[in-house]
Amino acid sequence: MNKRWLPLLLLSFTLSPTYAQEKNDDLTTPFETSGGKKTATLKQAIDFYKKLDVRYTTLQMEKAGNADGGYPVNVVYFSTDGDFNKTHWQKEGKIVILINNGIHAGEPDGVDASMLLARDAAQGKIAIPENIVLAIIPAYNIGGILNRNSFSRATQNGPESYGFRGNGQNLDLNRDFIKCDANETKTMQQLFMALDPAVFIDNHVSDGADYQHLMTLIETQHNKLGGKTGDFMHNTLTPSLFKDMKKMGYDMVPYVNNFDNTPENGWTAFNEPPRFATGYMALFQAIGFVAETHMLKPYQDRVIATLDLMKCLVKEVSKNAETINQVRAADRLALQSKKEFPLDWKVDSSKHDMVSFHGYASTHKPSEVSGLPRLFYDHAKPYTCDVPFYSDYKPTQSVKAPTAYIIPRAWNAVISRLKRNNVDMKPLPRDTTISVTAYHIENYETSKHPYEKHYLHYSVKVTTDVNVIKFKKGDFLIMLNQPAKRYLIETLEPTAPDAFFAWNFFDGILQQKEGFSDYVFEDKAAEMLRNDAQLRRSLEEKKSSDTAFAHNAFAQLDYVYKHSPYFEPVYLRYPVYRVE
Ligand SMILES: [Zn+2]
């Protein structure tokens with residue numbers, strides 16, 4: 001261990017008196033009994049919370065839902081007054097802080113930190129004010145945590161063994177929040193909808209460059225969260241967390257989002273689209289944080305730092321509870337009259353803050369593996385410098401909100417996802433003809449390799465036209481004046497980077513289903529051209545401007561077919577329609 005960490009570590013011990021000092025009978029965690037070297041197994045964690053649940057009236061564990069494979073995902077509530085009625089929490093203006101652990105099961109710092117937090121809160125050693133309710137997910141990625149090993153975090157400094165990043169389906173659960181392939185995600189969305197947490201923290205461990213900082217923090221991108229809530233988080237809550245952590249001896253920095261291994265040049269804030277937990281929750285005005293401890297710091301320090309950050313978060317959220325409720329309520333009201341919605345963002349390089357960065361000098365030396373130069377951080381050469389941090393983003397693409405969307409009832413996979421997000425959908429009471437704006441997919445690119453079980457579409461180009469379409473009884477009318485307005489726009493507008501279209505939910509429309517036999521269609525095409533002067537003219541124009549076309553009989557026949565009533569209108573017509 002580097003000596004400069006010793007004072008910090010000692011400070012952590014004194015600030016967390018329960019750590020390894022007080023014998024707690026059977027309530028000592030595997031992290032403590034191992035001297036900070038081990039993380040709890042799933043069974044150890046759940047058994048531990050069961051004991052707390054039996055012993056303390058302030059704590060209650062419930063099954064939140066299933067993980068892939070049918071394993072339960074649990075949630076542990078901590079409520080200082082012992083009231084676990086969720087409707088009371090809302091009525092009394094209590095703020096739910098949702099704490100997620102082990103979404104990447106190889107990064108278990110939060111699993112152990114949360115066990116200490118829950119126990120010490122139950123025993124009154126950590127004060128949880130009455131206006132706060134904790135909802136702790138002891139371990140989220142169940143398939144991952146059961147896949148325990150000592151190797152899959154090759155460049156992480158402990159614990160001795162841990163889970164694997166992929167879940168039971170080998171999915172990265174922190175990319176699953178729109179497509180929802182995993183049961184864990186379905187469970188989380190149901191829990192999120194039931195609790196409406198104002199604040200969420202997701203506990204992780206970083207990768208990337210080496211530097212002195214033990215704890216780094218992502219706040220959900222503040223411009224994207226937007227409104228008064230985004231301003232409050234960025235200008236008040238996040239700075240207060242940095243200040244509190246500093247008082248506790250932690251020089252926390254914004255997550256070092258620089259993978260060129262040159263953090264001394266500064267970096268941009270991490271921007272998480274809605275496929276990420278925090279990005280998804282921002283669509284519902286939840287303030288999200290991602291704790292990222294540094295992977296090369298000892299496990300015991302990382303867990304205590306995660307615990308201390310959560311303690312700071314509880315304190316600051318409690319202090320600002322009234323403001324948090326007010327800004328969220330104001331933003332939710334403003335959302336209903338908001339017209340323009342950004343769909344994509346890029347960093348605003350005209351603005352930055354300066355961050356005091358404590359790094360290690362990096363240099364290159366010959367590699368023993370390849371003989372070629374390799375990167376090397378010299379711990380004998382620590383340095384401090386001010387680096388630019390670009391935390392502002394600006395929209396690159398926006399869309400005007402429609403009054404409503406209509407989605408035909410057959411698009412089951414999308415409809416079930418909307419329902420899980422409490423989207424209010426009204427089935428049409430009878431077959432109805434409605435004038436709508438339809439998108440037509442003009443162009444798109446598709447990734448060549450699978451990404452989290454999908455071949456993502458991107459650079460989607462659309463045209464629109466007004467169509468009079470006959471909808472069937474039971475097709476869904478989705479009015480936009482509802483809490484899920486932003487979620488609806490970012491998932492149903494086909495050009496949004498995390499839209500259901502991008503995630504392949506509408507690929508059925510990208511293939512033509514019928515065609516024609518050329519020798520039969522020849523006569524029909526000839527007759528059509530005889531009767532349609534405009535079609536005849538446009539065919540001639542195309543022939544004179546396109547030599548290859550002029551020499552291709554089938555292409556000309558196909559041109560007539562595509563301009564005839566025989567051609568299927570649903571091909572490339574995006575099946576979620578806008579009522580303007
Ligand atoms: Zn992670």
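Two residues count as in contact here if their C-beta atoms, placed from the backbone, lie within 7 Å. This is a predicted model, so local features need pLDDT of at least 70 and side-chain atom pairs count only at pLDDT 80 or more, while totals for chains, interfaces and linings use all residues. Numbering starts from 1 along each chain as its sequence is written.

Let's start with helix α9, residues 227-247 (helices are DSSP runs of H or I, at least four residues, and strands are runs of E, at least two, numbered from the N terminus). Its buried residues pack against β6 (215-219), α8 (222-225), β9 (287-293), α11 and α12 (321-337). Among those buried residues are Phe-232, Met-233 and Leu-237; buried means 20 or more other C-beta atoms within 10 Å of a residue's own. Met-233 is also where α9 bends by about 40°, the angle between axes fitted to the seven residues ending there and the seven starting there. After the helix comes Gly-249, with a positive phi near 95°.

Leaving aside residues up to four places away in sequence, Leu-134 touches Tyr-77, Phe-78, Ile-97, Ile-99 and Ile-128.

Finally, there's an open, mixed sheet of three strands in the order β8-β12-β11. β8 (267-268) and β11 (353-366) each have a single partner strand, so one side of each lacks a neighbour in the sheet. Strands pair if DSSP finds at least two bridges between them; β8 and β12 (residues 373-390) pair in the parallel sense over two. Trp-267 has Phe-389 in β12 as its bridge partner.

Definitions and conventions: The expected span of a helix is 1.5 Å times one less than its number of residues. A residue is buried if 20 or more other C-beta atoms lie within 10 Å of its own, exposed if 12 or fewer, and partly exposed in between; C-beta atoms are placed from the backbone.
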